[in-house]
Amino acid sequence: MVRAGFVGWRGMVGSVLIGRMKEEEDFVGFESSFFSTSQVGQKGPIIDGEEKCLEDAYDIDKLSKLDIIITCQGGSYTEEVYTKLRKYGWNGYWIDAASTLRMEDDAIIVLDPVNRDVIDRGLSSGVKNYIGSNCTVSLMLMAISGLFKNNLIEWLTSMTYQAASGAGAKNMRELVEQMARVGKDSGSYLKDPNGAILALDRQVTSTINDESFPISNFGAPLACSVIPWIDKPMENGQSKEEWKGFAETNKIIQTEQPVPVDGLCVRIGTMRCHSQALTIKLNSDVPVDEITDIIAESNQWTTIVPNTKEESIKKLSPAAVSGTLTVPVGRIRKLNMGPEYLTAFTVGDQLLWGAAEPIRRIFRIILGHLEDI
Ligand code: NAP
């Protein structure tokens with residue numbers, strides 16, 4: 001029987017992964033073991049009524065006995081363990097949520113509703129490393145992969161509205177702490193519905209700029225503000241998050257001619273849903289209803305939201321999408337710049353399609369592949 005080991009299963013992405021695997025009754029047809037970098041010997045998750053004991057995530061010999069390793073532990077773990085394991089002679093499948101190996105030649109970035117063909121070719125040709133994509137890239141491709149598949153995009157720019165969860169669990173807590181502090185400090189101004197609005201505004205501005213305001217994780221206020229920089233700087237002025245847009249999109253879809261993708265990535269005060277405003281230069285003047293049909297057929301999770309105020313505010317928001325696998329696309333219309341300029345807005349849960357779901361699905365695909373050979 002195939003032996004699969006899970007590392008990083010209790011982190012944010014890992015726990016969403018295990019939750020989804022339980023929901024989908026995925027824990028069949030293989031032997032599972034669970035590893036930790038800090039809780040060796042302690043109790044792990046309960047799978048089918050059995051409590052698993054945690055093994056040492058740095059034990060190369062033990063890891064080398066596995067056929068598949070699924071890690072949501074993070075980049076430093078991958079850096080520390082992956083090469084040692086391969087040097088030790090391990091030839092199993094490495095599935096990883098971290099970015100460390102994404103751009104390596106012997107790795108495939110996985111998003112099977114979009115690049116199942118690339119994955120299948122990789123499996124047949126013996127590729128052993130399958131890495132989850134950047135969340136923003138995954139969600140953009142889940143939304144409009146039909147346009148890429150039909151070769152309709154000359155270039156694309158994405159202006160993002162990214163959730164706190166992309167920065168980690170501590171950041172999610174910090175956002176809510178910031179919001180709670182704003183609420184607490186302004187409480188007295190809200191009691192009088194006729195109170196002076198500028199007094200309330202002054203209080204909020206004073207709160208978020210106060211030196212005691214909790215910003216140790218974000219480095220700046222996010223509640224009642226935005227942060228127009230995500231990840232480290234690149235030499236060309238992009239942030240690393242923006243750099244990934246072009247690099248990862250084109251590695252996932254593997255078209256002959258790379259499609260230019262660029263934009264600005266901005267952190268906003270949502271919990272776990274990223275949103276993106278897309279501007280797309282089409283290769284030709286395709287009518288909006290045709291475009292809409294093509295987007296709708298991208299995959300079974302993409303839904304179209306009609307371009308009306310009522311539908312957009314009801315269905316095209318983090319509030320509506322959080323915790324679901326649905327990827328709505330709306331505000332689809334041509335821009336004033338000309339008939340080849342299209343805009344659209346899309347939202348997706350970045351812990352599901354942006355992180356855990358492609359990992360869950362590639363694991364099932366690899367299990368199926370191992371059964372077939
Ligand atoms: P995380 O929540 O920080 O968890 C990583 C590890 O931290 C856990 O597996 C656990 O390892 C340890 N840990 C220490 N204290 C913990 C606590 N109180 N609760 C839970 N775990 C604790 O990391 P993550 O956000 O899931 O990210 C994992 C990887 O996925 C990263 O490479 C990240 O870049 C990538 N990724 C993240 C997202 C996202 O939205 N967050 C999206 C796509 C990809 P031990 O059990 O060994 O102590």
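Which residues does Leu147 touch, not counting residues up to four places away in sequence? In this predicted model, the contacts of Leu147 are with Leu152, Ile153, Ile280, Ile291, Ile294, Ile295 and Leu342. Leu147 is also among the residues with the most contacts inside the largest nonpolar core, together with Phe6, Ile68, Tyr130, Ile144 and Phe363. This core has 70 residues, and helix 12 gives the most to it, with 10 residues. Another core, of 16 residues, lies apart from it and includes Ala57, Leu63, Tyr77 and Val81. In soluble globular proteins, nonpolar side chains tend to be buried together.

The largest pocket holds about 910 Å³ of space. Its lining consists of 39 residues, and Val13, Gly74, Ala97, Ala98 and Gly166 lie nearest the centre. At least two lining residues come from each of helix 1 (12–23), strand 2 (30–36), helix 8 (240–253) and helix 12 (352–372). By class, the lining of the largest pocket comprises 20 polar, 13 nonpolar and 6 charged residues.

For the second largest pocket, the space is about 160 Å³. Phe148, Lys149, Asn151, Ile153, Glu154, Thr255, Glu256, Gln257, Pro258, Val259, Pro260 and Asn283 form the lining.

Terms used:
Residues numbered from 1 in each chain as written. Predicted model: local features only at pLDDT ≥ 70, side-chain atom pairs only at ≥ 80, totals over all residues. Heavy atoms only, no water. 1 Å grid on protein atoms, 1.4 Å probe; cavity = no way out; pocket = protein on both sides within 12 Å on 5 of 7 lines; lining within 4 Å. Points joined across faces, edges and corners; volume = space filled by probe spheres on them. Helix = DSSP H or I, 4+ residues; strand = E, 2+ residues; numbered from the N terminus. Nonpolar A, V, L, I, M, F, W, Y, C, P; charged D, E, K, R; others polar. Core = buried A, V, L, I, M, F, W, Y, C linked by side-chain atoms within 4.5 Å. Buried < 20%, exposed > 50% of the residue type's maximum accessible area, 1.4 Å probe, protein only. Contact = heavy atoms within 4.5 Å.
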